[in-house]
Amino acid sequence: MRPFLRTCCYFVLLFLGGFPPARPGAFVPRPSAESSTAPQALTLMCLSAHPDDEDGTTLAYYSKLRGVKTYSLFFTRGEGGQNEIGSELYEDLGTIRTNETLEAAKILGSEVYFLGFPDFGFSKSARETFSKWGGKDSVLSRLVYYIRALKPDVIITNHDTVTTKPNRQHGNHQAAGITAYEAFEKAADPRYHSEQLSGEVTVWKVKKLFFRAFRGDSTQPGHPAVVSIDGSARDSSGETIEDLALEALRKHRSQGMEKLVLSSIPDFFRRHRYILIRSDRDYPFDPHDLFSGIEPSPKMRPVLPKPVGEIPEFSVRVSPQYVPQGRPAHLVVTIINRTGKALDGSLTVLSGASVVLTRRYITTDRTSDTVSIAGSTLNRIPDSMLVLKATASGDGRMYSSEFTVHRSSVAARFSPQAFVGLVKTYDDTHEETLRSFGIRYRLLDSARIATEDLDSFSVILLDLRAYEYRHDAALHNKRLLEYVRSGGNIVCFYHKTGDWNGKNYSPYPIFLTNERVTQEDAPVRELLPRHLLLTLPNNISPDDWNDWIQERSIYLPAQDTDKTSPRYDRLLAMSDEGEEQPPTSLLWCRYGNGSYAYVSLALYRQLRILQEGAVKLFANLISQPRH
Ligand SMILES: [Zn+2]
């Protein structure tokens, strides 16, 4: 059973990150000439910052039991988050989440639209979010456009503008709440972005705007009356609305929701209570109906382009996307063929206009291959890019897709004695980095962790969230710690609080918090500049902290020495502007004859793009000698 709070996007506990940078102005909705027929139905719109933020229970209640037309609008596609089911990030993760959202919406009976703002990473403030989304008016006007087109009678959102610390929501959530509040008025104001008004896109008066009430204090005297939605009501098939909504929520697999069960969802979250925030006039109050007093009215709507999940019929993906110059390249190529037919295909690796190599395949569902290109071949290629182009034909049709791999020069030294045991989880980055730089390593599967003589490894890497995803590592943790005591080195990468706290995995206590440093350019201070991790074999200099992406660190250990042992050296201090985060992003201690490092730096995101400083630090971590 998975504790709910750990995975749910409504809370600051969940990290959601993002890349690439904002693309303001990318939005031009293009309604088709026809307009939809205008049924006399009530209309509900749910606003969410990210996939999985929607209130499935309320959407399903109104669409399944009350015949209300329901829309679910998302500000982003959630591409900045962590992927709990695979190695895809950024755009590819956005595609996965788009599909998950569409699958969930099918169950809920709602129609989905994405406003198209980038998910750029966990954000602590609405101000930062608005600035990365092209300015507040670009956000507000885009939402207003959708309100004027889709004409909701009632708008609901889980995001508010009023919650304060410590429960204050993700900056993207705050921005969504603020925008919802202001759009209520602006959609009805003919002077606001009047260029939007044409055809079926008309000024529109929303009747009521509700914010979800999560906390008990929202119901205290003086607060507006609260409307509660009955999740225990049953649809025509006899299933409860709450079960339907859970089934939908579980579609968000890349957010770890698949294993969710009702009993793991806290009570306050299973209550669906709403506070009226704005209305166009007074309506009679009904404690169980958001629509009380609203009469259905005819609505003419333009037909807006709907998201289709954006899965191409034929595509090629290559990993890693960045390879070091001067080394052989080992590329895992996956050709995905969703046409349902076997195709006659080929893969060509191009550098500029010259062909480096060509391979032929019969592609069916999914064809994977490893393409290795010798260093001597690559050294003759001046171009810093390799283009891998897949083409295929069948049934008289041609398909084509390409992927660019970047070659970058990285001046990092690795110990030639390094021999790494890798306890791998869902992400490929650490393994690919080892392979790219020609470091000797071996994957530690269950049998090896249980029985192999670990002493041959100079370092054992525990990959992202290893103790959550590799129960064999948790089971044999005694052996791992014994390996350290007898002279080995463990490097443990980040975990989430629930994966770790109370389980005593580390030799001395480490207590994880939800603190993070989200500003990827936050100044970094080396507290122990002579420390071996910052000097051997690579000297980490101030420049090495430039050009990081998305964030510095996540789920930082507590600084308090009652919680995180003083035996750990605290190597680095960094904080978001105007805040103070614990200096615990890199911890290191001696244990017996060996050493134990805990890394909550978001190193893997930097290693994927071969950011030089991150590669140097990774090199230092895995170059520690056995004692
Ligand atoms: Zn969210």
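This is a predicted model: local features need pLDDT of at least 70, side-chain atom pairs count only at pLDDT 80 or more; totals for chains, interfaces and linings use all residues.
Colleague: Which residues make the contact of H5 and H6?

Modeller: From H5 come Val139, Leu140, Leu143, Val144 and Ile147, and from H6 come Ala175, Thr179, Glu182, Ala183 and Lys186. By class, that contact of H5 with H6 has 7 nonpolar, 1 polar and 2 charged residues.

Colleague: Why do residues three or four places apart point the same way in an α-helix?

Modeller: An α-helix has 3.6 residues a turn, so residues spaced three or four places apart point the same way.

Colleague: Let's turn to another pair. At what angle do H2 and H7 pack?

Modeller: Helix H2 (residues 56–65) packs against helix H7 (residues 241–249) at about 125°, with the axes 8 Å apart. Roughly perpendicular stops at 115 and roughly antiparallel needs over 145, so H2 is oblique to H7. H2 passes H7 in a right-handed crossing.

Colleague: What makes the contact between H2 and H7?

Modeller: H2 brings Gly56, Thr57, Ala60, Tyr61 and Lys64, while H7 brings Ile241, Glu242, Leu244, Ala245, Ala248 and Leu249. These divide into 7 nonpolar, 2 polar and 2 charged residues.

Colleague: How do you know that E9 and E10 pair?

Modeller: Two strands pair if at least two bridges are found between them. E9 and strand E10 (residues 272–279) have 4 bridges, so they pair, in the antiparallel sense. Serine 228 stands opposite arginine 273 in E10.

Colleague: Which residues of E9 are on the covered face, and which on the uncovered one?

Modeller: In strand E9 (residues 226–229), Val227 and Ile229 form the covered face, whereas Val226 and Ser228 form the uncovered one.

Colleague: What makes H10 mostly covered?

Modeller: A residue is buried if 20 or more other C-beta atoms lie within 10 Å of its own. In helix H10 (residues 429–436), 6 of its 8 residues are buried, and H10 is mostly covered. The buried ones are Thr429, His430, Glu432, Thr433, Leu434 and Ser436.

Definitions and conventions
Residues are numbered from 1 along each chain as its sequence is written. Axes are lines fitted to C-alpha atoms, for helices over the stretch in contact, and angles run from 0 to 180 degrees between N-to-C directions. Helices (H or I, at least four residues) and strands (E, at least two) are DSSP runs, numbered from the N terminus. Angles under 35 degrees count as roughly parallel, over 145 as roughly antiparallel, 65 to 115 as roughly perpendicular and the rest as oblique. A crossing is left-handed if the near helix is turned anticlockwise from the far one by less than a right angle, and right-handed if clockwise. Two residues are in contact if their C-beta atoms, placed from the backbone, lie within 7 Å. Ala, Val, Leu, Ile, Met, Phe, Trp, Tyr, Cys and Pro count as nonpolar, Asp, Glu, Lys and Arg as charged, and the others, Gly among them, as polar. A residue is buried if 20 or more other C-beta atoms lie within 10 Å of its own, exposed if 12 or fewer, and partly exposed in between; C-beta atoms are placed from the backbone.
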